[in-house]
Amino acid sequence: MNFKEHVLMELRAEIVARNEARRRRVRRRLFTGAALAGLAAVAAVAAPLLTGSETPAYAVTKNTDGTITLKINELRDPAQVEQDLKDLGVTADVSYVKPGTRCAPDRGESDSGPSFTKEELQSKDPAVRKRIKDAIANSPNAKALKIGHGEVRIDPHYIKAGQTAVMEFTENADQTSGPEKPRALWQFSGYLVTGPVAPCRIIDDPSWDQLPDPKKHPEAYPPAGS
Amino acid sequence: MRRRQADIATDPDAFEAFYRRHVDAITSFLARRVPDPHTVADLVAEVFLAVLDSAHTYRPGRGSEIAWLYGVARNTLSAERRRAFKETRLAGKVGGRRPLDSDDLAELEARIDAESLARRALKAMAGLPDGDRAMLELVVIDQLTVSEAAAALGIRQGAARARLHRARRTLRDVPEMAAFVLGGTR
């Protein structure tokens, strides 16, 4: 192989490794809780969102597989996030809303996601739980907007022409959380809207920071320091 | 532009485009200064690795991409020369030497050969004060404009012109410099 191509490969690998290391350093963990609330992807986070003034408000990274990673560090400048995503070919509508509120869910034509009966949702049967989990993971919304490791991964392959990636972020003013005082530190919800998108109409959401029961969902409570 | 430049450190595709734009110029830049194909190949990797470290220092207002990159290349080269032992910083690089196939060797040797006049001229310039020599190198040997060279070295244009003028005057009658236009200003 030509040494220039070889060097290029090494350096591409180096960039990916550095991005990984940076991601690990930030050590923010998202978990899915209350994910069945109608919207495809809702996540609350039990680790601080703000890591310090030196971190940029957000970072948009294009990955080699064509997906885009959006990492939000601080809730400001949604217009710039939208512009940066647009530069990468994704139409997005980003809203930052105050804790205790959310956008009314009537923003446009969207896939309501898989639906389940109350019995299914409350079932303890691992097979049923897995079926629910898989159905959610395979919904168009979840395929286009994946949450995990403190960031949103946008897959343009699953966003059709004329669709907008609608993303709503909420951040708790109180960024302390622990076993004694579990709370949602921030919440993300994302879904696709086909056609026009209505502006975010703020409505009250008193239950926004309710976390899943720690006994039933231990995965929602990462160990301290993570 | 500023944002795009920072992206080359985090976005592999943006980096690849940047690399392909400049890898030949950097290879020649190094071939003018180092007569060994293996070392040139290693230094190409080191220079672009340094690009990842210093992408945030690029300011589009202060000169072209290539001027900035030559500045990075100069710093890398002098760091390499100072370094007592060579540490391997890149994963996947075996024993500090990357294998070169016969095509690579032929290409690099041809390049090194083509730059022999430049190398001789650089040797003749060795006695100049560092700052003056750096300006002369970048303008006469590497063909940057005065303002690009000033940007690469991080100095003001007035200072750059003064250094260049001094260096040209000193070497006016040196035979090794005959192949390079020392008179006139660009």
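**Entry 1: helix 3 against helix 4, chain B**

I began with the residues where helix 3 of chain B meets helix 4 of chain B. From helix 3 come B:L43, B:E46, B:V47, B:A50, B:V51 and B:S54, and from helix 4 come B:L69, B:V72, B:A73, B:N75, B:T76, B:L77 and B:E80. I sorted the residues of this contact by type: 8 are nonpolar, 3 polar and 2 charged. I note that this is a predicted model.

Next I looked up the geometry. Two packed helices are described by the angle between their axes and the distance between the axes. Here helix 3 (residues 37-54) and helix 4 (residues 65-82) of chain B pack at about 115°, and their axes are 9 Å apart. I logged the crossing of these two helices as right-handed.

**Entry 2: helix 4 of chain B**

I stayed with helix 4 and checked its length. It has 18 residues, which should span 26 Å at 1.5 Å a residue, and its end C-alpha atoms are 26 Å apart, so the two agree.

Which residues of helix 4 of chain B are buried? I listed B:I66, B:A67, B:W68, B:L69, B:Y70, B:G71, B:V72, B:A73 and B:T76. I then asked what they pack against. The partners are helix 2 (12-31), helix 3, helix 7 and helix 8 of chain B.

**Entry 3: helix 7 of chain B**

Why do I call helix 7 of chain B largely enclosed by the rest of the structure? Because 9 of its 12 residues are buried. I wrote them down: B:D132, B:A134, B:M135, B:L136, B:E137, B:L138, B:V139, B:V140 and B:I141. The cover over these buried residues includes helix 4, helix 6 (116-124), helix 8 (146-153) and helix 9 (157-170) of chain B.

I also checked the backbone just past the helix. B:Q143 takes a positive phi there, about 65°.

**Entry 4: chain B as a whole**

I stepped back to the chain. Chain B has 9 helices and 0 strands. Read from the N terminus, its elements run α-α-α-α-α-α-α-α-α. Of its 186 residues, 36% are buried. I looked at contacts between residues at least 6 apart in sequence, and 69% of those in chain B join residues at least 24 apart.

**Entry 5: chain A against chain B**

How many residues of each chain are in contact with the other? I found 18 in chain A and 22 in chain B. On the chain A side, helix 1 (3-26) and strand 3 (58-62) are the elements that give two or more residues. Helix 1 of chain A has the largest share, 14 residues. By type, the chain A side divides into 8 nonpolar, 5 polar and 5 charged residues.

**Entry 6: A:E82**

Last, I looked up a single residue. A:E82 lies in helix 2 (residues 78-87) of chain A.

I then left out its neighbours within four places in sequence. A:E82 is in contact with A:A92, A:D93 and A:V94 beyond that range. I also took one distance: the C-alpha atoms of A:E82 and A:S95 are separated by 9.8 Å, with the two residues 13 apart along the chain.

Methods:
Residues numbered from 1 in each chain as written. Chains lettered and ligands numbered in written order. Predicted model: local features only at pLDDT ≥ 70, side-chain atom pairs only at ≥ 80, totals over all residues. Axes fitted to C-alpha atoms, helices over the stretch in contact; angles between N-to-C directions. Helix = DSSP H or I, 4+ residues; strand = E, 2+ residues; numbered from the N terminus. Left-handed = near helix turned anticlockwise from the far one by under 90°. Contact = placed C-beta atoms within 7 Å. Nonpolar A, V, L, I, M, F, W, Y, C, P; charged D, E, K, R; others polar. Buried ≥ 20, exposed ≤ 12 C-beta atoms within 10 Å, placed from the backbone. Expected span 1.5 Å × (residues − 1).
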